[in-house]
Amino acid sequence: MAFKSWSTPEELEQNIFETISEITEMTDVDDIEGFNVSIGGTTSGEWMNFGAEPRKVENWQILSAYRNDEAIGTATINRYIHEKYRSQQMLALKTCKVRGTKHILGTDGIVFGDKVINIRNQKMKGYNTQTRSVEDGYVANGEVGIVERIWEKPKAKKNTHQVIFSSQPTYNYNWASVVADEGTSDLELAYALTVHKAQGSEFGKAILVLGEPGRMLSKELLYTAITRQKDKLVILYNDAAYRLRDYSSMACSEVARRFTCLFEVPNIVEYKKKYYEQALIHRTLKGDLVRSKSEVIIANMLFEAGIEYEYEKELDLGEDGIRIPDFTIEDAESGTCFYWEHCGMLGDSGYSKHWQEKKTLYKKHDIVEDENLIVSQDSLNGGIDSAVIKHLIEKYFM
């Protein structure tokens, strides 16, 4: 972890540019080509392209507690990063060119190659790059991706921005290349995110921007922020580092009864020698809080199909104890109680072993896969296939 101090908004801006340069492969703060590469840009011939490596948008992330704060808000930070490294015009870099964008998207002025976040749960048509077909898809609030293509045709009724998300690396989705009349858009710039928006995500390196007076700071928020990274954390703060310890007191706790805090042992789980907060942090359309973006997608698709479910309802297996399926669905028509388990980390041997043991226990109590046990899973690269979830819903409930 590294710590840097700042005293004026101008000094903070320069600190942010310098820190991005230091934690990436940029040669200096003016290395636009290096900036593009750091978020997944790749060169092909004389052109810089995007989308071939969508997970690279998670290589680094700027975090702040605020969105609209004039000095440290994500809106401010995104604006000056965008102004420095992105342009509507074609850019000639050291070894390649970046295509320009004629029709921007949204009030953020989103262009080709921009890192973006979706801010609304929504069903969309997506193009499956593996099957080369258009399918029903789903994009959850909080998914981060990159604009990999701009579809612009002289006589087209609608130009579009094509986006690929790190959580769905085999799908791409299209948004109309317009600034909405009401001044809003489903997509926003994502170089800087609020800690709230970043909950449940993990980035290679994180730059945490803090400032006093910290009216929104709490020990819970700080803990959430510092656990968003797996390799390195750089804190930019306008006060002495020791002042951050003040937020470990109960007086600075948003929810005093929670055990999760900055300087005490949190409730976390280990996966591949990395640690994740075990918390309910994503809200579904039904209003439930769930643990992962994949569970958001499943819950929302069940909800929109009109299927009643209960999330993490305790299942009493007698002498074998209590188990907690992800979703419990009592189908009134068939009289069958279905249990839906979503496996998110089958690539980990320990997780896979635990799941096989749980499935064996389920079978002992007549809960059998393909009968009353529904099983879905993330791909090994962390993505979820909405079409598979749709097929499972149709298979068991339609």
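Me: Is Asp370 buried or exposed?
Reply: Keep in mind that we're looking at a predicted model. Asp370 has a relative accessible area of 53%, and the cut-off for exposed is over 50%. So Asp370 counts as exposed.

Me: Where does Asp370 lie, and what is its phi?
Reply: Asp370 sits in the loop between H7 and S26. Most residues other than glycine have a negative phi. Asp370 isn't a glycine, yet its phi is positive, at about 75°.

Me: What arc do the buried residues of H7 cover around the axis?
Reply: The buried residues of H7 are Trp355, Lys358, Leu361 and Tyr362. They all sit on the same side of H7, because the arc they cover around the axis is only 120°.

Me: Which residues are exposed on the other side of H7?
Reply: Residues three or four places apart in an α-helix point the same way, so a helix can have distinct sides. The buried residues of H7 include Trp355 and Leu361, and strands S22, S23, S25 and S26 are among what covers the buried ones. On the other side, the exposed residues are Ser349, Lys353, Thr360, Lys363 and Lys364.

Me: Is Glu312 buried, partly exposed or exposed?
Reply: Glu312 is in the loop between strand S21 and S22, and its phi is positive, near 50°. Its relative accessibility is 23%, while buried would need under 20% and exposed over 50%. That's why Glu312 counts as partly exposed.

Me: Which helix gives the most to the lining of the second largest pocket?
Reply: This pocket holds about 400 Å³ of space and is lined by 23 residues. H3, S13, S14 and H4 each supply at least two of the lining residues. The top contributor, with six residues, is H3.

Me: How many residues in the lining of the second largest pocket are charged?
Reply: Arg67, Asn78, Asp108, Glu188 and Leu189 lie nearest the centre of this pocket. Across its lining, eight residues are nonpolar and nine are polar. The number of charged ones is six.

Terms used:
Residues numbered from 1 in each chain as written. Predicted model: local features only at pLDDT ≥ 70, side-chain atom pairs only at ≥ 80, totals over all residues. Heavy atoms only, no water. Buried < 20%, exposed > 50% of the residue type's maximum accessible area, 1.4 Å probe, protein only. Helix = DSSP H or I, 4+ residues; strand = E, 2+ residues; numbered from the N terminus. Arc of directions from axis to C-beta. Contact = heavy atoms within 4.5 Å. 1 Å grid on protein atoms, 1.4 Å probe; cavity = no way out; pocket = protein on both sides within 12 Å on 5 of 7 lines; lining within 4 Å. Points joined across faces, edges and corners; volume = space filled by probe spheres on them. Nonpolar A, V, L, I, M, F, W, Y, C, P; charged D, E, K, R; others polar.
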